[in-house]
Amino acid sequence: NSVKGNDHHVAVYRESMRENLLREQEITNSMEAGIKNREFKIYMQPKCNMESGKVVGAEALVRWQHPQKGLLLPGDFVPLFEKNHFIEKLDLYVWEETAAWIRRWLDKGGTCVPVSVNLSRMDIFDMDVCSVLTDIMERYHIPSGLIELEITESVYAGQSERIIKETERLKKNGFTILMDDFGNGYSSLNMLSSTNIDILKMDMHFMEGEGLKSLGILDAILHMSKWLNLPVIAEGVNREEHVKTLRSVGCVYGQGFYYYCPMSIEEFEDLLLAPDKVDFCDGGKKRVES
Ligand code: C2E
Ligand code: MG
Ligand code: MG
Ligand code: MG
């Protein structure tokens, strides 16, 4: 009986592997058409000052309106695109689309908060990312500082020459660099002092913990960021208690479902038009108070 059970498990395992391969194959087969037919959409998630509750920035997050599969989230395709190197093409598209929207919005007389885009490891290691991004800023006449760059913590792991050089170049060209998912487990603390980072985005898993121990960790991160002169944005702020806890340790900025979920460009434009909801002068760079 137990042998039979094992066989069954093996069969189920094989079946799910096969399904995964099929799924990956379908996504791979439709990705080029996805770009060509403009199926990838930019959503914006606002970042807030938790003292005023006002929007001070936003993050551009990609979604895929797939003709057969419906609306796909990055988790459904970004890891695969990082494996098959399509991510460079997708990110280029996302950056262009973001810049094109900002240009249209400014031309219509709108005011914009800084918008960050996400970079994958390959963008930094396999392409001349600084030239590419600088070219986009120039072609769309985007004021310096209006597009910021999120680089996930794991990219910094190992402190390779490449990441140090590239981030240095990007900073010299006017880009603000945010370290994304900080505390996810890849970084050693001392690399924060030696790399070119302007803002820390604290990974959302810190929001899940409860009790004094997790409060101590939050407090320690905020103290450290103060010494390093790094503003902190907490990710995954989805409850009022999160806001209270974060404010009690002096964290000024937060992003999460408690404030806003990622929204369409149209909804984001409406938000930018609400004067009581946005602070265009707070660029999200306020340091923690002592
Ligand atoms: P990320 O850069 O850390 O983005 C934050 C993710 O957390 C987003 O998921 C967002 O929807 C989600 N989130 C925001 N607030 C909350 C909250 O309060 N609770 C919870 N549970 N989640 C929250 P999303 O849009 O599914 O993106 C997932 C990841 O995919 C991103 O993580 C980023 O690493 C990657 N990604 C998204 N867009 C792009 C892109 O254009 N290029 C690249 N290379 N990666 C991207
Ligand atoms: Mg991000
Ligand atoms: Mg993040
Ligand atoms: Mg994250």
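Strand 2 supplies the largest share of the shell around ligand 1, namely 4 residues, where strands (E, at least two residues) and helices (H or I, at least four) are DSSP runs numbered from the N terminus. The model is predicted, so that local features need pLDDT of at least 70 and side-chain atom pairs count only at pLDDT 80 or more, whereas totals for chains, interfaces and linings use all residues. Residues are numbered from 1 along each chain as its sequence is written, and side-chain values use heavy atoms, with hydrogens and water left out.

In total, 22 residues surround ligand 1, the closest being R63, D91, S120, D180 and F257, with a residue counted if one of its heavy atoms lies within 4 Å of the molecule. By class, this shell comprises 9 nonpolar, 6 polar and 7 charged residues; Ala, Val, Leu, Ile, Met, Phe, Trp, Tyr, Cys and Pro count as nonpolar, Asp, Glu, Lys and Arg as charged, and the others, Gly among them, as polar.

Among the polar contacts (pairs of N or O atoms within 3.5 Å), an N or O atom in the side chain of D180 is 2.9 Å from an oxygen atom of ligand 1, and a polar side-chain atom of D181 lies 3.1 Å from an oxygen atom of the ligand. The elements that give two or more residues to the shell around ligand 1 are strand 2 (55-66), helix 3 (87-107) and strand 6 (177-182).

Strand 2 also gives the most to the lining of the largest cavity, with 3 residues; a cavity is a set of points, on a 1 Å grid over the protein atoms alone, where a 1.4 Å probe fits but cannot get out, and lining residues have an atom within 4 Å of a point. The lining of the largest cavity has 6 nonpolar, 3 polar and 2 charged residues.

How values were computed: Chains lettered and ligands numbered in written order. Polar contact = N/O pair within 3.5 Å; in protein donor to acceptor, adjacent residues only side chain to side chain.
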